[in-house]
Amino acid sequence: MEIKKTSLNKLHQSNKAKFVEFAGYEMPIQYSKGIIEEHKFTRSNSGIFDVSHMGQLFIYGDETLTDELEKIFPLDLKNLKQNCSKYSFLMNEDAGIYDDLIITKIEEGYLIILNAACKDKDFEILSNLLGSKFKMNLDNNRSLIAIQGPKSVEILNSIINGVDQLNFMTGNWFNSDNQKLFVTRSGYTGEDGFEISISNDKAEKFVENLIKKGAQLIGLGARDTLRLEAGLCLYGHELDINKTPVEANLRWAISKSRLSNGGFIGSKKIMNQMQDGASQIRVGIKPEGRLIAREKTKIFNDSDKQIGEITSGTFGPSVNGPIAMGYVDKEFSKVDTKILLEVRGKKHPASVCALPFYKKNYVKGVN
Amino acid sequence: MSEVKFSKEHEWITLEGDVATIGITKHATEMLGDIVFAELPEKGSNVEKDGTAGVVESTKAASDVYTPVSGEVVDTNQAIVDDPSKINEDPEGSAWFFKLKMKDQSEMDSLMNKEEYDKFAKESAS
């Protein structure tokens, strides 16, 4: 199958991107300055991320759409205000996660942002669940640009006036350069920032404009170190069809009002696990010294019994040390529990730690 | 000191008396990206030509470091273990990895000179 390219591919090339294939797309892993510089620039200034490979699913319908979606997602969508967003999951009956996603209530419907590798299957699953009653559009004509970091609000507001008035996890339509953009105050780096849905033919010029104002392009490499420092899950690593939201320590994302009556896909398993606890749970892990423990590294207790596995591990540039996340048996999930990581045949000391590794800088209550 | 020689695994080597100094090439560091971890062989241990003699890790992945010749490890560069970013800064100078007391200096003969290595690196990168 031919590799897919986003509308910013030429711009990546002219900015000397190193490319990798990711979910069938040719995506920039880094630019000439490298992952650590890009990571630090995002934390101190403003980084631009091409996330156009992600799915933008618009679903339109009458009030029955909210009822139907509540049968699928563990969210209180009836009480979700227009232009407000929630983090959620598409699950199977065993609460295994098909995908993690952001759903936003928009005028006459919902916008759901899906992972690139999952979006086509998600569309198929949701189409089967919802039938033909609602208009569903997995929109390939729109790009998705994230701008993240403390200077992002000033830079973006100078191009799209009014975005500074958005609260965290809310969005709205804005007019800029004779077109409608959907902007949300959100992201996946732990920094204040925005995600902008923009038509493909306008995306390159828009990003060039952001660069002129002082933001810089950042690749997927730094996106990964940023999200890991922020303690955020990545589908295919922390999350997959064999993990539930309770095991992933994401019970905060399940609306309390939905737990008493259930009625969403996977609710039985979720309610059981909420009561009895899951046998394994996702934790933060801090290796001692400089050792890096990558995905699939086995975790042991001090009597040589395997008690879990690392799902993501790297060097955290802002933490200035190695960081990891993984799953451990619940009796080892308490903060400060000493564990051992098997790397290249040797066991190395580490401890379970609180997440995030790097304090999140989301804005609260601007209006 | 002898002329600098290079291996197909992107190590460089110089010889002074019977002691070889070994590191990784600038080309290797450019391929790896930001190096954040380095592990070196133990002093006093013996390493065999083309065998592993350390590890470097970038933000992206781990890679083995090989030794282009055999010998006993007589010194290692603790400075690059304490601050691995030095490897990106000066890979073919102060950021050497380890020194070996060579057993058989004829092992140097099969290695590439600078011109041959540059050509090899250029071809293997494309």
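Colleague: Which residues in helix 2 of chain A are buried?

Modeller: This is a predicted model, so every value here is computed from it. In helix 2 of chain A, the buried residues are A:Ile35, A:Ile36, A:Glu38, A:His39, A:Thr42 and A:Arg43.

Colleague: Why do you say that the buried residues of helix 2 of chain A line one face of the helix?

Modeller: Look down the axis of helix 2 of chain A: its buried residues fall within an arc of 165°, so they line one face. As for what covers them, the list includes strand 2 (25-30), strand 3 (47-50), strand 9 (142-148) and helix 7 of chain A.

Colleague: How do you know that A:Gln56 is buried?

Modeller: By counting. The label needs 20 or more other C-beta atoms within 10 Å, and A:Gln56 has 22, so it is buried. A:Gln56 is found in strand 4 of chain A. Setting aside residues up to four places away in sequence, A:Gln56 touches A:Leu111, A:Ile113, A:Asp139, A:Arg142, A:Leu144 and A:Ser197.

Colleague: How far apart are A:Gln56 and A:Asn115 in sequence and in space?

Modeller: A:Gln56 and A:Asn115 are 59 residues apart in sequence, and their C-alpha atoms are 9.3 Å apart in space.

Colleague: Which residues of helix 4 of chain A are buried, and why are they said to line one face?

Modeller: A:Lys119, A:Asp122 and A:Leu126 are buried. Seen down the axis of helix 4 of chain A, the buried residues fall within an arc of 55°, so they line one face of the helix. On the other side of the helix, A:Glu124 and A:Asn128 are exposed. The buried residues pack against several strands of chain A, among them strand 4 (55-60), strand 5 (85-91) and strand 8 (135-138).

Colleague: Which residues touch the most other members of the largest nonpolar core?

Modeller: That core has 118 residues, and A:Ile48, A:Ile112, A:Ile145, A:Ile147, A:Val207 and B:Leu100 touch the most other members. The core draws at least three residues from each of domain 1 (9-54 + 140-229) and domain 2 (279-353) of chain A. Not counting residues up to four places away in sequence, A:Val207 touches A:Leu8, A:Leu11, A:Ile48 and A:Ile145.

Colleague: How many residues of domain 1 of chain A are in contact with domain 2 of chain A?

Modeller: 8 residues of domain 1 are in contact with 8 residues of domain 2 in chain A. On the domain 1 side, helix 2 (35-44) and helix 7 (220-229) of chain A each give two or more residues. By class, that side has 2 nonpolar, 2 polar and 4 charged residues. The C-alpha centres of the two domains of chain A lie 31 Å apart.

Colleague: And which elements of chain B give two or more residues to the side that touches chain A?

Modeller: In total, 9 residues of chain B are in contact with 13 residues of chain A. Strand 4 (35-39) and strand 6 (52-58) of chain B are the elements that give two or more. The chain B side divides into 4 nonpolar, 2 polar and 3 charged residues.

Methods:
Residues numbered from 1 in each chain as written. Chains lettered and ligands numbered in written order. Predicted model: local features only at pLDDT ≥ 70, side-chain atom pairs only at ≥ 80, totals over all residues. Domains from an automatic or database assignment. Contact = placed C-beta atoms within 7 Å. Helix = DSSP H or I, 4+ residues; strand = E, 2+ residues; numbered from the N terminus. Nonpolar A, V, L, I, M, F, W, Y, C, P; charged D, E, K, R; others polar. Core = buried A, V, L, I, M, F, W, Y, C linked by C-beta atoms within 7 Å. Buried ≥ 20, exposed ≤ 12 C-beta atoms within 10 Å, placed from the backbone. Arc of directions from axis to C-beta.
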